There are 2 protein chains.
Amino acid sequence: MSPTPILPPDDLEPVAGGGLLDRRMFLRQGIALGGAGLGLLAFDADATDVPRWMKTPGGPFTNYGEPSAYEKEAIRWISANAKAPGHGISWTPLHRLEGTITPNGLHFERHHNGVPAIDPEQHRLTLHGLFSKPIQFSLEQLFRYPMVSRQCFVECGGNSNAGWHEEPIQTPVGYFHGLASSSEWTGIPLSILLDEAGLQPEARWLVAEGADAGAMNVSIPIEKALDDTLLALYQNGERIRPEQGYPMRLILPGFEAVLNVKWLHRLQAVKEPLMSRNETAKYTELEPSGKARQFTFIMEAKSVITQPSPGFRLKGPGLYQISGLAWSGRGTIRRVDISADGGRSWAPAALQEPLLSKCFTRFRLPWRWDGSPLILKSRAIDDTGYQQPERSTLIAERGQRGYFHYNAIVAFAVDSDGSLRHVYA
Amino acid sequence: MSPTPILPPDDLEPVAGGGLLDRRMFLRQGIALGGAGLGLLAFDADATDVPRWMKTPGGPFTNYGEPSAYEKEAIRWISANAKAPGHGISWTPLHRLEGTITPNGLHFERHHNGVPAIDPEQHRLTLHGLFSKPIQFSLEQLFRYPMVSRQCFVECGGNSNAGWHEEPIQTPVGYFHGLASSSEWTGIPLSILLDEAGLQPEARWLVAEGADAGAMNVSIPIEKALDDTLLALYQNGERIRPEQGYPMRLILPGFEAVLNVKWLHRLQAVKEPLMSRNETAKYTELEPSGKARQFTFIMEAKSVITQPSPGFRLKGPGLYQISGLAWSGRGTIRRVDISADGGRSWAPAALQEPLLSKCFTRFRLPWRWDGSPLILKSRAIDDTGYQQPERSTLIAERGQRGYFHYNAIVAFAVDSDGSLRHVYA
C-alpha cells in the first residue's frame with residue numbers, strides 16, 4: 001500500500017529543509033492533523049453495509065497459521081542458481097515491514113549447498129583441537145546449560161553491495177539492503193562451553209564448521225568467542241528453523257553473518273586462522289592500493305529509509321511519516337538524521353525505544369512534502385561517535401572494486417509525480 | 001527434550017533451601033560446571049562419522065518457511081467446539097519456548113465465530129457517536145498516520161482459570177497458562193485518531209466492535225483509549241495475521257485480551273458502557289458475598305516456571321537451570337523469587353534485560369537438585385510493589401467460584417524419580 005498524504009497543520013514550522021518537521025510533533029496531545037481536509041469520509045449511518053465476512057462463520061483454528069493471503073508481497077525474494085537451487089540468497093522485504101523484529105519466516109537466507117534436514121537426536125557438537133578435555137555434546141546435554149536471550153541483527157557482509165555499481169540500482173529497499181534481519185536469540189554463552197572443554201591459552205582462533213553439504217567453515221577470533229558469542233538454540237521464542245541453522249547456530253552480535261555459522265557441528269581451537277574460502281576468496285575487499293582488507297568482521301553503522309521508498313508513490317503534497325531502520329555492529333544507535341534537501345540540512349529523527357546494542361533501531365520523522373522534487377537521505381551515528389559516510393567518502397577510501405561492507409548513506413529522489421528513485425547524490 | 005543434570009561444582013553454597021544457587025553464578029568466568037563428570041563424550045577423531053545430511057545437497061530456499069519437522073510438539077493446542085469449529089481457544093506452548101517473543105504462528109487465539117477473511121481494500125474503520133466529526137478510514141488513509149512500536153503481552157482474562165479447580169490439573173504449562181503471548185506491536189496511537197474525529201468531552205467509553213461474524217463488542221474506558229492504546233497494524237514486524245485481527249486490532253497494554261478487539265471496524269463514543277455479553281455474562285467474577293466484580297480490566301502480576309515443568313522429567317541429581325516467565329499489567333517486573341522448599345525460603349532469579357513495562361520478562365536461576373522430593377514455586381513482584389499471591393490468599397479473597405483473573409503462585413512437586421506434578425501447596 002502506497003503512503004498517501006495528510007494535509008499538514010498550517011502552524012507547524014519545519015525544522016530543516018524540504019519540509020522536515022519536529023520529531024516530537026506526534027507526541028503532543030490535541031494537534032490537528034487536518035481533519036476533513038484529509039479526504040476522509042464523513043460517517044453516514046445509512047451507507048454502512050455489513051461486509052460479507054460478518055454474514056458467514058469464519059475459518060477454523062490453526063496449529064501454526066500463516067500471514068493473510070492479501071500480503072503475498074511480503075515474502076523473501078529468492079536469488080538462487082537455477083542449476084544449483086541450494087546456492088544463493090533470499091532477501092528480507094524490509095520495505096513491507098515495520099517495527100524492529102523480523103519474523104522467522106522472513107529472516108534472510110544465504111546457503112551454499114541447501115538447507116540440511118538434521119535429526120537433532122543424531123546431531124553432535126564437537127569441541128576439539130587446543131582443548132585440555134575435547135568433548136562432544138548431544139542436544140540433550142546442551143539443554144543442561146544456562147541460557148541468555150538478546151535481540152540483535154544479523155547482516156551479511158555482502159549486504160547493500162549494489163551500492164558499488166556505477167549506476168544506482170532501482171529495486172525495493174528490501175532487495176537492496178535486506179540481507180539484514182533482527183531477532184531475539186536465546187542460547188548458551190559460548191564461553192561456558194569453551195571453559196567446559198578446557199580451552200588452552202595458546203588458542204587464538206576457533207574454526208567453526210556447519211553440518212551442511214557444503215561444510216561451510218570460517219575462523220573466529222577467540223576474543224569474540226569469549227565475549228558475547230552465543231550458541232543459539234531459539235529464535236524469536238521458538239527453536240531455530242532449518243534455514244537458520246536448526247538445531248543450533250552461532251550468533252556473534254555485530255559481526256558479519258558468515259561467521260554466525262549455521263548447523264554448527266564442530267569448533268576446532270587453533271593458533272592460526274584457517275584461511276578458508278570464506279575469508280580469502282570471499283569476504284575480503286580489494287582496496288585502491290591493490291591490497292585486500294581481510295577479517296573485517298564488524299558491520300559498521302548503516303541506516304536506510306524503508307517508507308517512503310522506491311516502488312511506492314506519494315499521492316500528492318501533504319504530511320507523511322518517514323520511517324526506517326538503523327543499526328551498528330559496534331554498539332547502540334545514538335542518533336539518526338534525516339535530510340529532505342539532499343544533505344544541505346538535517347533533522348534528528350525520533351528513535352523507538354528500547355535502544356538496544358547491535359540491534360535494529362526504528363526511526364521515524366514527520367515530513368510535509370510540498371510537491372517539489374527533492375532528495376531524501378538518512379545517516380546513522382552510533383555511540384562510538386562513528387557516522388555513516390556519504391557514498392563519495394566511502395568510494396574515496398575504499399575504491400570502486402569493493403564488494404563487501406558497503407554502508408554509505410542512501411539517497412532517494414522524490415519526483416514531482418510522487419515516485420521515488422534510488423540516486424547517487 | 002527433558003532437561004538433564006549437570007553435576008554441580010562442589011564449592012557452591014546454596015542461597016536458599018532445596019538447592020537454589022546464586023543467580024550470578026553463570027556470569028562468573030571460569031566456573032567449572034563439572035567437566036568429565038557430566039557424562040559428556042570425550043572426542044575421539046576416529047569415531048567422527050560424517051552425518052548423512054553432509055553427503056547430499058540440502059533443500060531449496062523458501063519464501064516463508066516453517067519450523068523443523070522435528071518440532072511438531074511446539075504448536076498451538078486447540079480446544080474448540082466440534083459442532084462450531086470457529087468457537088474456542090488455542091494455547092501458546094509456553095513450555096516449548098524460550099526468550100520473551102511469541103512467534104506469530106504460536107500466539108494464542110480466542111474466537112467466537114471463526115477467523116474472517118477480510119479484504120483490506122474494502123475494510124473501513126468507523127468512528128461515530130460522540131464525535132464532532134464522525135469519520136470512516138480506509139486502510140490507505142490510516143497508513144498516512146504516525147506509528148509507534150512496543151513489546152507487550154496480551155493475556156486472556158480467563159487464562160490460568162483451571163487454578164480454581166478443586167484438584168490441580170495435570171497438563172503442560174502452556175495448556176494451563178498459555179492464553180498469554182508477547183509480541184512487538186506497531187500501530188497508530190488511538191488518541192491521534194480520536195482527536196481527528198473530534199472526541200467530545202462527555203464521551204466516557206468507546207464501544208469497540210470487530211468485523212467477525214460474531215460482531216464481538218466491548219466497552220473501553222476513555223482514559224485507557226487516550227493513554228497507551230494502539231490501533232495495531234503490525235505484529236513482530238509483519239502485518240497482523242488473520243487470526244490476530246487482520247487488517248487491524250486494538251492493543252491495550254496490560255488490559256485483559258477481550259478488550260483488544262480484533263478485526264476492528266467500529267468505535268462508538270458513548271457516555272455509558274454497553275453492558276455487552278463480554279462484560280456482564282462473561283469477564284466478571286462472582287465473589288463470596290454474591291456480588292460480581294465487573295470491568296476488572298488490568299491483568300495483575302503473574303509468573304510461571306516453564307522449565308522444568310510437568311510433562312518433562314529430571315534425569316537425576318545435579319545442576320539445572322530453572323527458567324520461566326513473569327509479567328504484570330500494571331508495569332515492569334521488579335523481582336521474581338524462586339522457592340525450592342515449598343515457600344519456606346526464596347531466592348531472587350536473574351531477570352533478562354531489557355525490562356519492559358507490561359511485557360513478558362524471562363527469569364532464570366541455577367539450581368542443584370539432590371534427588372529429594374520438593375516443591376518449586378515462583379512469585380512475581382512488580383514496580384508498584386504488588387506481589388503475586390499464594391493460592392490460599394487468592395481463594396480467601398475471591399472465593400471458589402471465580403473464573404477470570406486467576407494469578408496465584410503456581411507450585412510443582414518434584415518427585416524422587418524426577419517427574420513433576422502440579423500441586424496446591
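Visitor: Why do the copies meet through the same surface?

Guide: 100% of the interface residues of chain B are also interface residues in chain A, so the copies meet through the same surface. Please note that this is a predicted model, in which local features need pLDDT of at least 70, side-chain atom pairs count only at pLDDT 80 or more, and totals for chains, interfaces and linings use all residues. Residues are numbered from 1 along each chain as its sequence is written, and chains are lettered from A and ligands numbered from 1 in the order in which they are written.

Visitor: How many residues of chain B are in contact with chain A?

Guide: In chain B, 107 residues are in contact with 107 residues of chain A; contact requires C-beta atoms, placed from the backbone, to lie within 7 Å.

Visitor: Changing topic, which domains does chain A have?

Guide: The assignment for chain A gives domain 1 (124-293) and domain 2 (302-423), with bounds from an automatic or database domain assignment.

Visitor: How far apart do their C-alpha centres lie?

Guide: The C-alpha centres of domain 1 and domain 2 of chain A lie 28 Å apart.

Visitor: And how many residues are in contact there?

Guide: In chain A, 25 residues of domain 1 are in contact with 27 residues of domain 2.

Notes:
Two residues are in contact if their C-beta atoms, placed from the backbone, lie within 7 Å.
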